Amino acid sequence: MMYESINYKKRDNQLVQCNTCSHFCEIQPGNVGVCAVRKNIQGKLELLVYGQAAAANIDPVEKKPLFHFYPGSQTFSVGTLGCNFRCDNCQNYEISQIDKLKLEQSLQNYGIAISAQEIVDRALNGNCKSIAYTYNEPTIFLEYALDIMKLARKKGLKNIWVSNGFMSNSTLEMIAPYLDAINIDLKSFDQDFYQKYCGADLPIVKQNCQQIINYNIWLELTTLIIPDYTDDYKMLGKLTNFIKNRLGEQVPWHISAFSPEISWKMRDGKPTSLELLYNIYKIGKKAGLKYVYAGNVVDEGLDDTVCDHCKAKVIKRIGYKVSNNLDDNKCFNCQREIQGVFK
Ligand code: SF4
């Protein structure tokens, strides 16, 4: 369904400028922006996927991943078609990297008509603690997300974004009052990587991470470790120092393993070894980050939350099975605070 964008400017000769994400696309009549889901129709910018989910499921919040935000709870997860990034390593490319010319066909294949109210109702019926805007970049379906977020807030549900962090300042300002937590993909600390493999800019993502902290929204970060692309120890040293010094030692950093066989355009890449993940885990700890998590390393316990003071395991995780031993937000053993949103 079409819905007029809430964050754009009309220019001369029916040209429009979208201000929703930091691409700030200038779009001629009849054309769409980089994300493929915002179209200039006779001088009006329309979101083409409002109320049209490509996926809607109940997931564990750990899957987003968020480890310090109501651990063990369920989150109603929703996403649409399209994306404002073009990541060669994308593992969700069937819904994110749609052909601009075949949007209607894609909508038929993937679209589920579901209203904002219905999503909130389904989240409540499913005993979810929150709604997660995920699977593709929520910035590009801002109007749909925002309507759901407002209804969710009224019903006591929390709102979570899983994002590439490339929204514009004005978009962040619009969502901040309703946003409780966000996981941002900090893909690399190398601007060339962002430009070449994602079609985006690192400084914008860094700036938005800092803004999220200023807004007092719970932030966690994820870096996908792609051998030969995002595994440089020096670069990751800079990335982790940035987290520690600019965002805070309490920001959880998730590192995850790359699977070339499910990627969009990196099929001949190498999978991430356990040894590499472990070495990078140590870089995060050496930088002084309190909470570093290595995804899929079941046997090593690198997904557990450990008290920074007494080293007691306060939250144990095996896959998505969570055993929470927190005393409210305190370590059961030494009563020191574990940062996060737990109650
Ligand atoms: S959301 Fe971003 S990519 Fe999409 S039209 Fe707007 S500025 Fe362009």
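The legends below describe close-up views of one predicted model. Local features in this predicted model need pLDDT of at least 70 and side-chain atom pairs count only at pLDDT 80 or more, while totals for chains, interfaces and linings use all residues. Residues are numbered from 1 along each chain as its sequence is written.

The ligand is surrounded by C18, T20, C21, H23, F24, C25, G33, V34, C35, R38, N84 and I140. A residue is near a molecule or strand if its C-beta atom, placed from the backbone, lies within 6 Å of it. By class, this shell has 7 nonpolar, 4 polar and 1 charged residues. Ala, Val, Leu, Ile, Met, Phe, Trp, Tyr, Cys and Pro count as nonpolar, Asp, Glu, Lys and Arg as charged, and the others, Gly among them, as polar.

**View B. The open sheet of β2, β3 and β4.**
Helices (H or I, at least four residues) and strands (E, at least two) are DSSP runs, numbered from the N terminus. Three strands form this open sheet in the order β2-β3-β4, with antiparallel pairing; two strands pair if DSSP finds at least two bridges between them. β2 (8-10) and β4 (26-27) stand at the edges with a single partner strand each, so one side of each is left without a neighbour in the sheet. Strand β3 (residues 16-18) is joined to β4 by 2 bridges, and V16 stands opposite I27 in β4.

**View C. The open sheet of β1, β6 and β5.**
The strand order here is β1-β6-β5, and the pairing is antiparallel. The edge strands β1 (3-4) and β5 (38-41) each pair on one side only. Between β5 and strand β6 (residues 44-47) there are 4 bridges. In β6, L45 stands opposite N40 and L47 stands opposite R38; R38 is also one of the residues that surround the ligand. The hairpin of β5 and β6 has 2 residues between the strands, and Q42 in this hairpin takes a positive phi near 50 degrees.

L103 is found in helix α2 (residues 103-110). L103 is partly exposed, with 19 other C-beta atoms within 10 Å. A residue is buried if 20 or more other C-beta atoms lie within 10 Å of its own, exposed if 12 or fewer, and partly exposed in between, with C-beta atoms placed from the backbone. Not counting residues up to four places away in sequence, L103 touches A36, L48 and I98; two residues are in contact if their C-beta atoms, placed from the backbone, lie within 7 Å. L103 and A36 are 67 residues apart in sequence and 7.8 Å apart in space, C-alpha to C-alpha.

A116, I119, V120 and A123 are the buried residues of α3. Seen down the axis of α3, they fall within an arc of 95 degrees, so they line one face of the helix; the arc is that of the directions from the helix axis to the C-beta atoms. Q117 and N125 are exposed on the other side of α3. The cover over the buried residues of α3 includes β8, β9, β11 and α4. Just after α3, N127 takes a positive phi of about 55 degrees. N127 is found in the loop between α3 (116-125) and β11 (130-133) and is exposed, with 10 other C-beta atoms within 10 Å.

**View F. Helix α8.**
At 1.5 Å a residue, the 15 residues of helix α8 (residues 233-247) should span 21 Å, and the end C-alpha atoms are 20 Å apart, which agrees. The expected span is 1.5 Å times one less than the number of residues in the helix. L236, L239, T240, I243 and L247 are buried in α8. They cover an arc of only 90 degrees around the axis, which puts them on the same side of α8. K234, K238 and N245 are exposed on the other side of α8. The buried residues of α8 pack against α7 (202-214), β14 (218-225), β15 (253-257) and α9 (274-286).

Most residues other than glycine have a negative phi, and most peptide bonds are trans. The peptide bond from K64 to P65 is cis, with omega near -10 degrees. P65 lies in the loop between β8 (55-60) and β9 (74-79). Y135, a residue other than glycine, has a positive phi near 75 degrees. Y135 lies in the loop between β11 and α4 (142-154) and is buried, with 22 other C-beta atoms within 10 Å.
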